[in-house]
Amino acid sequence: MAAADAPTLFAAGSWRDVPGRLTALWKRSLQFRTVIITLGLSSLAILVIGLYISFSIASNLFQDQKERVLAASNNATAAAQALVESSPASDPSSLQLLMNSVIVTISSVSGSTDFAIFRHPDAAVNSSAPPGARSPRLGGGVITPELREQVQDDPDGQYWQSVALPDGDGDTVPGIVVGSTIDVPAAGRYELYLGYDLAEAEQTLGFMQLTGIVGAAALLALLSAITLVVVRWVIEPIRTAAATSRRLAAGDLGVRMPERGEDELATLAASFNGMADSLQARIRELAELSVVQQRFVSDVSHELRTPLTTIRLAGDVLYGQRDDFPGPTARTVELLHTQTDRFERLLGDLLEISRYDAGSVTLATEPTNLVHLAGDAIESMNELARDRGSELRLVAPGGHLDAEVDPRRIRRIVRNLLGNAIEHGEGRPIVVAVDSNETAIALSVRDYGLGMTEEETARVFDRFWRADPSRTRTIGGTGLGLAISLEDAVAHGGSLDAWSRPGQGTVFRLTLPRSSDAATIVSPLPLEPEDAGAQGPPPTESFGAVEAEAVIGLEPESEVRDA
């Protein structure tokens, strides 16, 4: 773990937060994940290897001890058998002396003071035969019946069993009991059991295991230090690259990565810096091209105003005398007048777009009632809508709250939206709705015309874009109206959204903050209409142009519902 991460992980607070902090650190720190994964895999490998070595040493150590005690027991049994076979003892006293000599011999040859001698159950009854003998540590059931049974069934064999020998302090130590038989000529057969203490071997194994644990801990600490150093050495350039890329993305085009050495990291830094240089040059080129383009549009628009004014004056003179001209000439004069108007509007829109591109637009805001503004726009567009067979309706349940806006630009937005709805509304009614809440005021224009697909809706605010390129503009639009409307909405800190479905019509919704200091705004009008599949609005939910004028004349307080 990086040193900088530790204080944040174990800062003052509840320890119940530690798992969450560890999880967050795991997600965001590549260095932390690398160190933890390395330590985890190393610990698993050391544990497996350590267990294998420990079991192998314990098995080999026990095997060596077993072979040693079996050999010592076999030598002691052979020495005892040789002693009894060479002795002429036959009376009880001499046989008892012989048994004592056997015990001394067994102890000296075997190296163990733990013994047990039992008379064989199948031996013939002999009153002269001495009784058996046993040392204290082999009492209390240490010699199991199973071991005695094996020794009794095979007089010539040697059998052993792992046991727990008492150590005199109430505890036990591991040991081995080896059983065999000896034949005393004058007394019969006896069972001989020798006990061997393996406490020393156990201590040796414990010391080796402790040494292995300490060594494993030291190895893990060393691996942690090495991994941390290596990871920091590798991760640091990656962190530098990430920080540099963030600064580059934030617009600091002059930032570069340091290049050191000739390894892969140096190659990465060189490649990154080359990419940054190329990106900076490209962005500078595009910025210069954009400036040239904006200046070109602005200059051309300004330069065209003078000849356009002259054409306009001449056209107005001809248009005023069109009744004196023959029919074809009069029609030509009317076309000239119409196209001159459209050309003038296009120049105005181009100049407005160039101002937005140059960032030189300023708003002249004042408290404005959007219901009155929408009513004025409807009244000015009512004749055009009637010619196209559409009825304009105004619905304003709670929109009589003023907002700090630039009325000229908002009026232009409403007129652009109405013109678009009239052109594509297929002669069906068009509903303009205005509503407000504590933070925002919204205006929507709903038509029931052709509609658009989702792909077309996503491009509806693009400049000079048309859903159907083969379809001409029938009301003299310039192709920049919706693009300028979006810029006007954004300049006010609001938004202009569109919803449309083929055959279900289109909704454009303008949402504006009530004041410039509004932190967050929520539109009081839904974008997707409730009557999405309808061919027109229900008569009970709207009213015609005459009723709209009546609504506009109401006092503001009579319609406020959320002040």
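This is a short chat about the structure above, which is a predicted model.

Reader: What should I know about the numbering and the model?
Author: Residues are numbered from 1 along each chain as its sequence is written. In this predicted model, local features need pLDDT of at least 70, side-chain atom pairs count only at pLDDT 80 or more, totals for chains, interfaces and linings use all residues, and side-chain values use heavy atoms, without hydrogens and water.

Reader: How many helices and strands does the chain have?
Author: There are 13 helices and 12 strands. Both are DSSP runs, numbered from the N terminus: helices are H or I with at least four residues, strands E with at least two.

Reader: How much of the chain is buried?
Author: Buried residues make up 37% of the 563 residues. Buried means under 20% relative accessible area, exposed over 50%, and partly exposed in between, with a 1.4 Å probe and protein chains only.

Reader: Which residues touch the most other members of the largest nonpolar core?
Author: Leu418 and Val434, out of 37 residues in that core. Its largest share, 8 residues, comes from helix α9 (residues 370-387). A nonpolar core is a set of buried Ala, Val, Leu, Ile, Met, Phe, Trp, Tyr and Cys residues joined through side-chain atoms within 4.5 Å.

Reader: What about a second core?
Author: That one is separate and has 26 residues, including Ala80 and Met99.

Reader: Back to α9. At what angle does α9 pack with α10?
Author: About 40°, with the axes 10 Å apart; α10 covers residues 407-424. Axes are lines fitted to C-alpha atoms, for helices over the stretch in contact, and angles run from 0 to 180 degrees between N-to-C directions. So α9 is oblique to α10. Angles under 35 degrees count as roughly parallel, over 145 as roughly antiparallel, 65 to 115 as roughly perpendicular, and the rest as oblique.

Reader: Which residues make the contact?
Author: Among them are Leu373 and Met381 of α9, and Val414 and Leu418 of α10. Contact means heavy atoms within 4.5 Å.

Reader: Now α2 and α3. How are they set?
Author: Helix α2 (residues 18-28) and helix α3 (residues 30-86) pack at about 105°, axes 5 Å apart. They are therefore roughly perpendicular to each other. Trp26 is one of the α2 residues that meet α3, where Phe32 is one of the partners.

Reader: Last one. Where is isoleucine 238?
Author: In helix α6 (residues 199-249). Isoleucine 238 is partly exposed, at 38% relative accessible area. Leucine 265 is 27 residues away in sequence and 8.6 Å away in space, C-alpha to C-alpha.
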